[in-house]
Amino acid sequence: MLLHDTALIFGRYARQTLRSRFAMLFGVLMPLLYLLFFGPLLTDVPLGSRGSSWQVLVPGLLLQLGLFGASFAGFMVILEKQTGVIERMRVTPVSRLALLLGRVLRDAAVFVFQAVLLVLAALLMGLRAPLAGILIGFVFVALLTVSLASLSYALAMKARSQHEFGPAVNALTMPSMLLSGLMLPMSLAPGWLDVLSHFIPFRYLVDAMRDAYVGAYATLAMLYGVLVALGLTALAVTVGTRVFRTAGA
């Protein structure tokens, strides 16, 4: 029943997404602009990391895509609460876990699709990376999306309006992006900033993806990245499911 309910919810929101193709493509615009206008500036800059500047920049942009996109996914839940959709779902026998999983799996599918578009553009601009490394990167994007979208939906269930939800998400996402080294490796940062960045889980994900993009799979950074990604996903889905149950979603 869980699989059936999850597929039902996923299909409902996937159809909504397919009816808004422009919005789906627009979501990749900001990382694409970074790729086009920021990437060439790094071509001859020593970044203190293995691989080319594209192998450093593209993994960060992929995670940035998931970070900002998934973090704001909860806006849809707030709208559904205001229009009575959540109330109508509450009286159905659908699993509360399926209500969450159907949503976050749709989000993961959308952002992986956008990540594919971004990587294709990067390949045209000079990115060279092993296919296995690129595929591993897509897995990290999917896991990050599932975890952050789950937390975003949980926060949205607790928030009374968009005016509470938006500032809270902004206050968390922007420092996380700056401290995790998504744009540039934290090896370029002063020692105190590098130490501080280790408290941000996204730091481990981007380090692992950059190793994957240079074909280094058996590294401590890859191990830490996988463990953090899986742990964050499990924790976020557990929190999201509990909130959906207690909030009567």
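User: In which hand, left-handed or right-handed, does helix 4 pass helix 9 in their crossing?

Analyst: Please note that this is a predicted model. Two packed helices are described by the angle between their axes and the distance between those axes. Here helix 4 (residues 53–71) packs with helix 9 (residues 162–180) at an angle of about 165 degrees, and their axes lie 10 Å apart. Helix 4 is therefore roughly antiparallel to helix 9, since angles over 145 degrees count as such. The crossing of helix 4 with helix 9 is right-handed.

User: How many salt bridges are counted?

Analyst: Side chains of opposite charge can pair when their charged atoms come close. In this model the count is five salt bridges. One of them joins Glu80 and Arg12, with 3.8 Å from N to O. This pair links distant parts of the chain, as Glu80 belongs to helix 5 (residues 75–83) and Arg12 to helix 1 (residues 2–18), 68 residues apart.

User: Is Glu80 buried or exposed, and how does Arg12 count?

Analyst: Glu80 has 4% relative accessibility and so counts as buried, the cut-off being under 20%. Arg12, at 27%, counts as partly exposed.

User: Where do Arg203 and Asp207 lie?

Analyst: Both residues are in helix 11 (residues 201–213), four residues apart, which is about one turn of the helix. Arg203 is buried at 9% relative accessibility, whereas Asp207 is partly exposed at 24%. Elsewhere, salt bridges that share partners join Arg12, Glu80 and Arg103 into one network.

User: What is the distance between the closest N and O atoms in the salt bridge of Asp107 with Arg106?

Analyst: For Asp107 and Arg106 these atoms are 2.9 Å apart. Asp107 is buried, with a relative accessible area of 5%, and Arg106 is buried as well, at 11%.

Definitions and conventions. Residues numbered from 1 in each chain as written. Predicted model: local features only at pLDDT ≥ 70, side-chain atom pairs only at ≥ 80, totals over all residues. Heavy atoms only, no water. Axes fitted to C-alpha atoms, helices over the stretch in contact; angles between N-to-C directions. Helix = DSSP H or I, 4+ residues; strand = E, 2+ residues; numbered from the N terminus. Parallel < 35°, antiparallel > 145°, perpendicular 65-115°, else oblique. Left-handed = near helix turned anticlockwise from the far one by under 90°. Salt bridge = Lys/Arg side-chain N within 4 Å of Asp/Glu carboxyl O. Buried < 20%, exposed > 50% of the residue type's maximum accessible area, 1.4 Å probe, protein only.
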